[in-house]
Amino acid sequence: LPVLTLGGAVLTTLDVTPSSKLEDFRQQLCEAIGSRLGDVTGSPDLRPRLFHSGGELLPGLPLMAAGIKESSPLTMLVSAESRVISASGDGTAKIWNPETGHCLQTLGSVGWERRAKFEDGALQIGREMISAAFSPDGNLVLSASADCTAKIWSVQSGDLVHTFRGHRRRLCSAVFSPDGALALTASNDCTAKIWDVESGECLHTLKGHSLEMISAVFSPDGATVLTASVDRTAKTWCVQSGKCLQTLRGHRWEVLSAVFSPDGALALTTSEDRTAKIWNVESGECLQTMRAPGPRFLSAVFSPDGTLVLTASLNPVVQIWHVASGKCLHTLRGHQNSVHSAVFSPDGKQVITASQDSDAKIWSVESGECLQTLSGHANALRSAVFSPEGKLALTASDDCTAKVWHVDTGECLHTLTGHQDILHSVAFLPH
């Protein structure tokens with residue numbers, strides 16, 4: 001198999017037989033051209049991806065299992081290794097290689113202190129790490145902690161780059177802007193803050209909610225922020241000025257989540273009042289109200305094309321809704337306990353759900369059929385996500401582990417062990 005640059009130059013030739021597996025090429029690549037490709041990709045860790053007849057060949061399977069013969073044409077794409085990150089109640093985040101299961105970096109130190117105390121006038125509640133996410137370019141990590149701070153870390157070295165201080169109570173979320181230049185934090189102190197990632201400077205403090213914030217997110221174009229609060233409202237804000245643009249009123253109880261549609265024109269909120277609402281971002285008008293079949297919704301997200309909404313409930317029910325009509329298209333039944341999270345695959349054709357019953361399930365969006373049940377965790381699941389190409393899934397559990405799964409077969413490929421407390425979140429490195 002010749003390995004070519006995009007310009008057509010031959011870098012090396014690999015020995016390939018129908019019984020070869022994708023993993024067999026890794027050593028050959030590293031020995032032949034590892035140092036040169038490391039310079040190109042920015043990392044010495046190489047990730048060979050093989051394609052045949054338009055489909056990607058997955059790790060662990062011999063080429064013959066995919067119908068490949070001696071004369072079959074293959075295309076290889078070599079990039080930097082994939083990474084995943086986990087955030088834990090033990091006060092650390094860990095970066096892993098999902099193809100080997102090896103831990104590459106541990107960010108932070110284990111901190112078991114969880115008793116509330118006042119320090120420098122701020123309410124401190126231990127070092128529990130609430131969330132961790134990669135920057136869009138994959139070079140940095142942003143973590144949010146219960147100690148009122150957010151931190152920026154180097155992915156390559158694991159070093160701490162910045163600590164964002166200024167919130168007076170624990171953080172509930174922290175996210176990068178779409179271009180990675182800004183960070184956004186939300187806190188139980190009723191405020192959100194916008195930070196400059198390079199300098200660590202706080203650019204704006206978003207004040208206006210009367211009770212604790214639940215979350216804050218950037219719009220897809222990075223120009224607007226959407227916040228959710230216990231005060232029964234969501235608000236939109238101008239990133240450049242820090243001014244409030246709209247207050248979305250209509251929920252009767254606290255707002256539990258708020259997200260933008262992929263085009264940024266709509267907002268989606270869930271509430272303790274057992275409803276989810278779709279809003280026009282510009283006008284603040286409520287366009288649709290969807291009602292939970294039982295107890296409250298726990299999460300709601302848009303599909304990648306923005307035409308569908310996926311809701312997860314405190315009961316074992318997940319629903320797919322049509323945005324334009326507000327009608328329920330499918331009710332996904334099969335879990336035995338509340339569903340903590342539900343998200344679409346990158347192509348919008350599948351859904352993955354994570355439940356208190358310790359299982360994750362993969363569903364068909366078109367039919368509503370359960371395609372795979374991912375069983376193996378020993379305790380409740382907090383979240384489940386797809387890899388950027390949609391071939392792998394990652395689950396986070398109260399059993400202190402994360403697991404990497406093969407989406408098509410439902411096989412557990414790796415169990416990521418090393419945390420000493422529950423996992424709050426997991427995420428893949430963006431493409």
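K94 is buried, with a relative accessible area of 10%, where buried means under 20% relative accessible area, exposed over 50% and partly exposed in between, for a 1.4 Å probe and protein chains only. This is a predicted model, in which local features need pLDDT of at least 70 and side-chain atom pairs count only at pLDDT 80 or more, whereas totals for chains, interfaces and linings use all residues. Residues are numbered from 1 along each chain as its sequence is written, and side-chain values use heavy atoms, with hydrogens and water left out.

K94 lies in strand β7, which covers residues 93–96; helices (H or I, at least four residues) and strands (E, at least two) are DSSP runs, numbered from the N terminus. With neighbours within four places in sequence left aside, K94 is in contact with V84, I85, S86, C103, Q105, T106, G418 and H419, contact being defined as heavy atoms within 4.5 Å.

## A four-stranded antiparallel sheet

Four strands, in the order β19-β20-β21-β22, form an open sheet with antiparallel pairing, two strands being paired if DSSP finds at least two bridges between them. At the edges stand β19 (213–218) and β22 (244–248), each of which pairs on one side only. On average, and with direction ignored, neighbouring strands of this sheet are turned by 15 degrees against each other; the axes are lines fitted to C-alpha atoms, for helices over the stretch in contact, and angles run from 0 to 180 degrees between N-to-C directions.

Within the sheet, strand β20 (residues 224–229) and strand β21 (residues 234–238) run antiparallel and are joined by five bridges. T227 has K235 in β21 as its bridge partner.

## Cysteines

The structure holds zero disulfides, a disulfide being a pair of cysteine sulfur atoms within 2.5 Å. As for individual cysteines, C148 is buried at a relative accessible area of 3%, whereas C328 counts as partly exposed, with 33% relative accessibility.

## Positive phi values in two loops

C190, a residue other than glycine, has a positive phi near 80 degrees, and its place is in the loop between β16 (182–187) and β17 (192–196). R274, likewise a residue other than glycine, has a positive phi near 75 degrees. R274 is found in the loop between β24 (266–271) and β25 (275–280), where R274 counts as partly exposed at 42% relative accessibility.
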